[in-house]
Amino acid sequence: MNNKKLNLTLKIWRQPGPNSAGSFVEYKVSVSPDASFLEMLDELNNELESKNLEPIAFESDCREGICGTCGIVINGHPHGPIPRIATCQLHMRNFKDGDTIWVEPFRARAFPVIKDLIVDRSALDRIMEAGGFISVNTGSAPDGNAIPIPKDIASEAMDAATCIGCGACVAACKNASAMLFVSAKISHLALLPQGQPERYIRVQTMVKKMDELGFGACSNTYACEAECPKGISILNIARMNRDYLVAKLKTEEVE
Amino acid sequence: MTLDSKVPAGPLKDKWENHKFNMKLVSPANKRKYDIIIVGTGLAGASAAASLGELGYNVKVFTYHDSARRAHSIAAQGGINAAKNYQNDGDSVYRLFYDTIKGGDFRSREANVYRLAEVSGNIIDQCVAQGVPFAREYGGMLDNRSFGGALVSRTFYAKGQTGQQLLLGAYSAMNRQIKLGKVKLYARREMVDLVVIDGIARGIIVRNLVTGEFEKYSAHAVILATGGYSNVFFLSTNAMNCNATAIWRAHKRGAAFANPCFTQIHPTCIPLHGEVQSKLTLMSESLRNDGRIWVSKIKGDMRHPNDIPEEERDYFLERKYPTYGNLSPRDISSRAAKEVVDEGRGAQGQEAVYLDFRDAINRLGRKVIEERYGNLFEMYKTITGEDPYEVPMKIYPAPHYTMGGLWVDYNLMSTIPGLFVAGEANFSDHGANRLGASALMQGLADGYFILPYTIGNYLATEKPSLINIDHPEFDKFKKEIEDFTHKLLSVKGKRTVDSIHKQLGRIMWNKVGMARSEQGLKEAINEIRELREEFWKNVNVVGSANDLNQCLERAGRVADYLELGELMAIDALHRNESCGAHFRVEYQTEEGEALRNDEEYAYVAAWEFKEIGKWELHKEPLVFETVQLATRSYK
Ligand SMILES: Cc1cc2nc3c(=O)[nH]c(=O)nc-3n(C[C@H](O)[C@H](O)[C@H](O)COP(=O)(O)OP(=O)(O)OC[C@H]3O[C@@H](n4cnc5c(N)ncnc54)[C@H](O)[C@@H]3O)c2cc1C
Ligand code: SF4
């Protein structure tokens with residue numbers, strides 16, 4: 001444990017509301033290297049509040065890297081400079097005394113800013129509502145072991161299902177594409193026997209919804225994979241594209 | 001107020017079957033005439049929304065999160081129990097039932113617990129069908145592991161992300177109903193009051209967290225599935241936004257609050273390491289399958305753990321509880337850790353004990369350990385900067401789960417007709433201590449398999465009418481909450497909301513935490529009252545009510561904690577016995593084990609709200625028809 005405090009300059013995006021202009025505001029902080037990035041913001045907010053100034057609005061919940069609520073762009077990287085972790089798991093020991101840190105919201109056409117660092121990511125839910133499920137009613141399921149699934153297939157599905165729905169992939173992409181997210185969701189169910197009956201309808205409805213919502217196209221820059229806190233593989237995109245093609249050949253256009 | 005548990009007559013194993021048969025049904029054509037409000041999209045809320053939508057009801061579901069998928073259930077790591085006996089190791093519905101009753105130190109309702117065990121198998125089937133990628137054996141069959149308080153392997157899991165995968169399953173089932181138009185989702189809405197008219201729950205008032213507007217919604221029945229309130233301790237394993245507001249406001253409108261003092265302290269959390277720390281991170285209990293817990297035999301031993309030789313290590317759980325060892329239940333393991341730390345034998349002088357994988361790595365190889373716990377090890381390293389493959393983890397108990405909550409009968413209905421409560425928000429199934437991997441089970445049991453029946457029965461028998469939101473009573477409720485908000489904003493004092501919350505947390509942890517005494521509890525009650533006064537005189541809530549204001553959101557929640565904290569202390573003070581997670585130092589055996597008093601305290605303590613700081617106690621006697629009350633032994 002290191003008790004020497006770090007002195008940092010923060011340039012934080014402040015924007016009072018969706019329709020107001022925003023700008024970077026500078027703050028000086030002194031913080032323990034053991035604190036997490038969000039704990040540093042907590043401290044700063046506490047200080048602002050005690051001066052009767054409005055705290056910086058940012059979102060987080062589990063602070064364990066799993067709920068997908070937190071997510072800000074730190075020095076140009078969604079979730080910060082350390083690969084494979086969410087913002088809440090970024091600790092200040094990764095920064096150096098005297099650093100200047102730029103903090104801004106996820107930026108994408110489909111993610112409008114609500115306030116300061118908070119954006120509206122509900123478009124991702126709209127995509128899920130379009131078809132990200134298996135149609136099975138409560139109480140009509142066969143015994144769990146009646147559907148044997150090879151261990152490697154189950155873990156491949158699990159790897160895809162690990163996506164926390166944070167939207168960093170969208171923020172990382174210069175086209176603001178949601179391909180990594182959608183393909184992770186598609187792969188999870190497409191790999192499992194339970195997902196087969198609706199496999200090709202699902203890919204069509206979800207892709208269609210994604211396009212409608214103003215996400216860009218994928219131009220294979222791989223920025224999404226690099227910034228994804230869960231290391232979701234772009235192989236999922238290839239899988240999704242293949243399923244999409246097959247779907248086009250197999251089924252009628254969905255409404 | 002009368003507490004009628006409505007437990008059906010007849011043998012334990014037939015109660016639920018008979019009850020289902022005897023309940024009234026709503027005809028399919030009439031279901032669409034009924035509106036149901038659900039608050040919460042965790043496992044309990046999302047599963048209820050999906051199932052009730054499928055049946056044909058019109059469901060409105062609310063969450064303060066931006067997305068339904070973010071509910072705290074997402075964070076559960078370890079697993080979910082079910083009595084499938086796939087491992088052929090002697091599991092059965094009765095054994096799961098018995099383990100749960102015993103784990104809860106005989107302070108839960110027998111019939112509810114039996115039903116929970118009974119439907120547990122269906123939960124796994126349901127989740128598999130939805131595509132939840134549970135861990136599998138090489139033959140393609142579902143894999144299991146074991147958890148504290150059980151000698152069989154009945155825990156199903158999906159890596160260390162079981163909660164996430166189960167919630168995504170329920171969320172997807174709910175999404176299907178959203179697409180079909182049967183469920184309407186209201187995100188970024190916080191329920192701030194329950195509307196009770198003529199003694200019946202008629203709807204809710206929510207704050208739109210983006211616009212600040214207060215909105216009114218009415219329904220034929222309201223379900224609260226709003227999770228637990230461990231954040232009353234400020235530092236806990238719960239997500240930052242977990243809170244008591246929904247159930248607390250309902251309590252103040254007439255719903256009895258049961259067993260508020262039963263808070264589970266989880267033994268395996270990453271210890272406190274900094275003064276600005278915002279929460280405590282849980283390391284899954286599943287780690288105790290292979291990790292061994294120890295401290296040095298020597299007081300004040302500051303040596304690096306790897307330099308402490310085998311004969312100077314005290315594997316205190318294995319020593320004291322040879323049968324269950326490192327898998328002893330949470331209350332027992334937590335207390336044992338506190339004991340060795342209090343003796344001055346904490347890991348390198350800290351409030352911590354070691355959780356060591358050295359032997360497991362030697363026995364099974366690093367690869368197997370990586371496969372089993374890899375992501376947990378990574379998480380530990382990210383947070384602490386230490387590599388658990390090389391150095392034993394340090395862990396310590398932290399507030400984790402609240403067994404208390406709103407009182408409900410067998411149908412999960414509170415003392416307010418039309419108000420149902422599910423998941424961690426109710427009190428019913430875990431008694432004085434919850435065994436690992438059974439909260440997820442309870443949330444899904446309530447939402448998938450119990451409420452769909454009991455809500456139908458309520459609607460068919462009571463035939464409640466719908467009260468329009470233009471009704472003057474609705475406006476009265478809305479006006480009250482507007483006034484309350486205005487009051488919060490107009491204190492304009494000197495202290496931040498968080499500083500008061502932290503102060504409350506310290507009182508709660510020190511005096512209403514792992515060990516409680518009469519004197520400490522009396523002090524706590526006074527200190528909480530003083531702090532409450534301080535809050536209303538000296539808090540500073542910055543910003544306005546007319547837009548997104550997180551300071552205001554937190555202030556409302558802390559205001560509720562300041563009332564709830566007092567009730568928790570009062571409840572702990574009146575219960576002159578030790579049971580499960582409630583350890584009163586005055587009531588222990590010579591060996592320091594909890595000393596229950598079944599003669600006088602085999603009841604549920606349900607508190608009726610009178611005014612702030614004043615409650616009336618009602619007792620629901622616990623009747624054990626099938627199990628024999630026995631001293632818990634894990635030796
Ligand atoms: C770190 C951690 C790990 C755990 N691991 C396990 C495990 O491995 N196995 C296990 O069985 N259990 C585990 N538990 C316990 C278990 O996760 C919880 O008990 C369970 O998920 C609670 O589910 P729920 O549906 O009742 O509530 P939650 O999942 O907490 O959902 C509450 C919902 O209510 C909403 N809400 C709350 N208040 C309001 C309001 N006023 N207005 C609007 N919406 C509101 C929230 O937005 C959310 O949608 C764990 C708990 C923690 C803290
Ligand atoms: S794919 Fe990765 S970056 Fe994109 S939402 Fe999922 S977890 Fe976040």
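Biologist: Which backbone atom of Leu43(B) lies 3.1 Å from ligand 1, and what kind of ligand atom is it facing?
Modeller: Bearing in mind that this is a predicted model, a backbone N or O atom of Leu43(B) lies 3.1 Å from an oxygen atom of ligand 1.

Biologist: What about Met191(B) and Leu440(B)?
Modeller: A polar backbone atom of Met191(B) is 2.7 Å from a nitrogen atom of ligand 1, while a polar backbone atom of Leu440(B) is 2.8 Å from an oxygen atom of the ligand. Taken alone, ligand 1 exposes 1000 Å², and the protein buries 99% of that.

Biologist: Where does ligand 1 lie, and how many residues surround it?
Modeller: Ligand 1 lies between chains A and B, and 38 residues surround it, with Thr63(B), Ser73(B), Gly78(B), Met191(B) and Glu424(B) as the closest. By class, that shell holds 16 nonpolar, 17 polar and 5 charged residues.

Biologist: And which element gives the most to the shell?
Modeller: That is β6(B), which gives 3 residues.

Biologist: Switching to the two chains, how many residues are in contact?
Modeller: In chain A 74 residues are in contact with 74 residues of chain B, and the two chains bury about 6300 Å² between them, 50% of it on carbon and sulfur atoms.

Biologist: How many salt bridges are there across that interface?
Modeller: The rule finds 7 salt bridges between chain A and chain B, including one in which the side chains of Glu64(A) and Lys279(B) meet at 2.9 Å, N to O. On the side of chain A that touches chain B, there are 34 nonpolar, 21 polar and 19 charged residues.

Definitions and conventions: Residues numbered from 1 in each chain as written. Chains lettered and ligands numbered in written order. Predicted model: local features only at pLDDT ≥ 70, side-chain atom pairs only at ≥ 80, totals over all residues. Heavy atoms only, no water. Near = heavy atom within 4 Å. Polar contact = N/O pair within 3.5 Å; in protein donor to acceptor, adjacent residues only side chain to side chain. Areas by Shrake-Rupley, 256 points an atom, 1.4 Å probe, with all protein chains shown as cover. Helix = DSSP H or I, 4+ residues; strand = E, 2+ residues; numbered from the N terminus. Nonpolar A, V, L, I, M, F, W, Y, C, P; charged D, E, K, R; others polar. Contact = heavy atoms within 4.5 Å. Buried area = accessible area lost by both parts, 1.4 Å probe. Salt bridge = Lys/Arg side-chain N within 4 Å of Asp/Glu carboxyl O.
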